[in-house]
Amino acid sequence: MTSLIHLSELAGNLDLRNSLRGGAVSIGNFDGVHLGHRVLLKRVRHHADRVGGKAIAIVMDPHPAEVLRPHGAPPKLTTLPRRAELMAESSVDALLVCKASKEFLNQTAEEFFERLVVEQLAAKAIIEGPNFFFGRDRAGDTTRLKELAGQRGIDVEIVVPSVQDDRMVSSSRIREAIASGDLELANQMLGSRYELTGVVGKGEQRGRKLGFPTANLEDVATLIPEHGVYAAVAKIEGQSLAAAVHIGPNPTFDDRKETKIEAHLLDYDADLYGKMLTLSLVRQIRGIQKFASPAALQQQLQSDLQTVRETVSSLPQRS
């Protein structure tokens, strides 16, 4: 299990701070904890074992772009708890969260390195990708990192990026795939299925009237895929169930363009209102369309559910 720890917690807990010192660290965003991240994190684990310390991933929250240019910040792929959950698969000991205030981001590369890597963590190894930048105006790069680390006797490894279809695996590529509805490609690059998590709210009960009750997912903090109908695995109170997920408006009933996330859980009829629900998306099975009548929609939904059942039943067991 990867512990989720905020940097502010270290000031008042010397035992916790001391337990994190003298290990191997990597600083990044790690959004999605995709295949490239996993290769890097395994090297963090390797170096932590070599130096006899903890394997630590460090992120800034909120994303620095949300502080410096709020309208240009990329949508999240994963919440912090989900990142910690995925990092556990790479045997990372702790996900350390630094609050990305303007003051914190205004540190020079040298100040950032000295205060965090040296003073707070006394790191013995630091592992990064080739596109790593740090400090004010991203002035620090891997060359400067090696110089600063060399002065302190800290080992540095720069990890070669992972490639998928002759292109580097990156969080931005995964966002592009999700935004276009290509969940199969996104999941390949993630190494896990993309998830939407939220609270089940009250809907308009149209699905129930059609014989297909749906759970309306609200307060979703991560990127919402392209409008369409998706095959998914729903996770609710320890259960995993096949689900048909409708993302987008309902043109058969009205002309409103609002995006809704509605899930019909197969073989499940308990009340979900107010509960936390996670939808692990597998693939898009069709786009949004307007039907001539509710009866025509019902017929299509029957076909959708069969497709979902076949799709989910053929899945290997994984996260």
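Two strands count as paired if DSSP finds at least two bridges between them, while helices (H or I, at least four residues) and strands (E, at least two) are DSSP runs numbered from the N terminus. This is a predicted model, in which local features need pLDDT of at least 70, side-chain atom pairs count only at pLDDT 80 or more, and totals for chains, interfaces and linings use all residues. Residues are numbered from 1 along each chain as its sequence is written, and side-chain values use heavy atoms, with hydrogens and water left out.

**View A. Strands 3 and 4 run in parallel.** Here strand 3 (residues 55-61) joins strand 4 (residues 94-99) through six bridges in the parallel sense. Look for Val59, which sits opposite Val97 of strand 4.

View B. Six strands with parallel pairing follow the order 1-4-3-2-5-6. Strand 1 (3-6) and strand 6 (155-158) are the edges, each with a single partner strand, so one side of each has no neighbour in the sheet.

**View C. Helix 7 meets helix 8.** Helix 7 (residues 109-120) and helix 8 pack at about 50°, their axes 11 Å apart (axes are lines fitted to C-alpha atoms, for helices over the stretch in contact; angles run from 0 to 180 degrees between N-to-C directions). Contact means heavy atoms within 4.5 Å; among the residues that meet are Phe113 and Val118 in helix 7 and Leu145 and Leu148 in helix 8. By class, this contact of helix 7 with helix 8 has six nonpolar, no polar and four charged residues (Ala, Val, Leu, Ile, Met, Phe, Trp, Tyr, Cys and Pro count as nonpolar, Asp, Glu, Lys and Arg as charged, and the others, Gly among them, as polar).
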